[in-house]
Amino acid sequence: MTRLTLDFGMMQKENIPAVSADVTFMSSRFPNYKIGSDNQVLELKDNMKTFSMKEIVARETAMLLEQQKRLSVRDLAHKFEKGLAAAAKLSEEDKLKEAASLEKHVLLKNLRDALEALRGRLSGKNKDDVETAVSMVEALAVQLAKREGELLHEKVEVKRLANFLKQASEEAKKLVEEERANARAEIENARAAVQRVEEAIQEHEQMSRAAGNQDYEDLMKEVQEARRIKMLHQPSKVMDMEYELRALRVQLLEKTKRSVQLQKELAVNKTNEDDDSHLYEIDGQELLGSCLLVRTCFDEAVDLSECLIQWYRVASDGDKRELISGATKPAYAPEPFDVGRFLKAEIIHDDQKVTVSTTGPIDPAPGLGSYVEALVRRHDTEFNVVVTQMNGVDQQSQLIHVLHVGKMRMKLIKGKTTVAKEFYSSSMQLCGVRGGGNAAAQALFWQAKPGVSFIIAFETGRDRNAAISLARRFAFDCNIMLVGPGDRTPHQT
């Protein structure tokens, strides 16, 4: 016979949170929510304080600016959907628990029927034990029924919560759609307002520009008309004087040329009377910026290609004669050092020596002094040049270079590359080109430092003489005398 024991124990209560049946709402509308720290959903309390339109606009603007930093209503609806899924999961668990409870009832009923059948067969102490066991089974059945009632009540609460969450999710979706529609409408309104403002601004700018241009054109027309009337009725004395000065300069230049020519003819005639062997003369304007040329006067003269030629500069008193190093060609272009001095060319053939001289000292170029004075006021002056020779080697490229003549240094640049850049020093040399040629009056020789030299051609002879005079002026301010190869400084002479 099987012996039944009383050690049934107590059933453990399932760890299911209880749901209160007293569910009440403080408001009849869907509550307002705000996302707090750690993405927590906080319910906003109603605030009866009223705001002005300006404060409302400022607050709405701030909320729009922080739109990317906070959760939207869509995220809130997503949370409600998660809650709804959790409620559905709890409902499924309740169904499983109901099935398990039904199985427990069946087992208890079978156990009770077995004990009743066994109690009819036993007697004495064993019968008492069976009766005790039957009473315990009945108590367990009552407890199980009570537990089932609690589970049924919890099931009802879970269904109610699920319905609530489902309704909240639907309302959240409606809010999402409404907020999205409102946001789109506000964006379209803002775009339309911005477009209207931009169109108004553009129209205003066009009107202002058109009015300004029209006023400027009208003013210019009035000024031109006033000038025309003034010129017709009140001629400018200054302009008359300028025209007279130009005419006098032209006449003076013509008379100077005629005078020089007469002086040359007089000197030739006088020399022929004194010496019948005079066969050469210096041709050209005795002026800075021109080019002087030794040429033969008679067919009996020896060709210059078979003679040795050397140019000299002579002081106006005729006492001192200075050799011009490198000036050994029939052509020579005077430079600023030659102004105020006579130039002589010595022609040697075999043992015969013939010397020819200019009829007077070299005159300065008209307007060169004022031009140089204007350039001295600048810190740096640029000249467009072409390098024809570098370190004694002819340059085939005719690329444009820029020669900078500054107060402290000279610099030669090709594009963005610096070819040479040196401060004024005693080793620097600067003078006009002494090798002759058609462009000698527009070229100079520059030795930046020992071993680095250039022959540079300028656009005009005026620029060449201005560059030489300007560089010597700046070098003199630095206690440096810029001269050519073999030249003596004024202190030495």
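Trainee: Which residue in β4 stands opposite E281?
Mentor: This is a predicted model, in which local features need pLDDT of at least 70, side-chain atom pairs count only at pLDDT 80 or more, and totals for chains, interfaces and linings use all residues. Residues are numbered from 1 along each chain as its sequence is written, and side-chain values use heavy atoms, with hydrogens and water left out. Strands are DSSP runs of E of at least two residues, and helices runs of H or I of at least four, numbered from the N terminus. β3 and β4 (residues 292-296) pair in the antiparallel sense over four bridges, pairing requiring at least two DSSP bridges between two strands; opposite E281 stands R295.

Trainee: Is strand β5 largely enclosed or open, and why?
Mentor: Buried means under 20% relative accessible area, exposed over 50%, and partly exposed in between (1.4 Å probe, protein chains only). Because six of the seven residues of β5 (residues 308-314) are buried, the rest of the structure leaves this strand largely enclosed.

Trainee: Which residue in β6 is the bridge partner of V314?
Mentor: β5 is joined to β6 (residues 321-323) by three bridges, and the two run antiparallel. The partner of V314 there is R321.

Trainee: Which backbone oxygen does the side chain of R472 reach?
Mentor: R472 lies in helix α6 (residues 461-477) and counts as buried because its relative accessibility is 10%. At 3.0 Å, its side chain reaches the backbone oxygen of L482.

Conventions
Polar contact = N/O pair within 3.5 Å; in protein donor to acceptor, adjacent residues only side chain to side chain.
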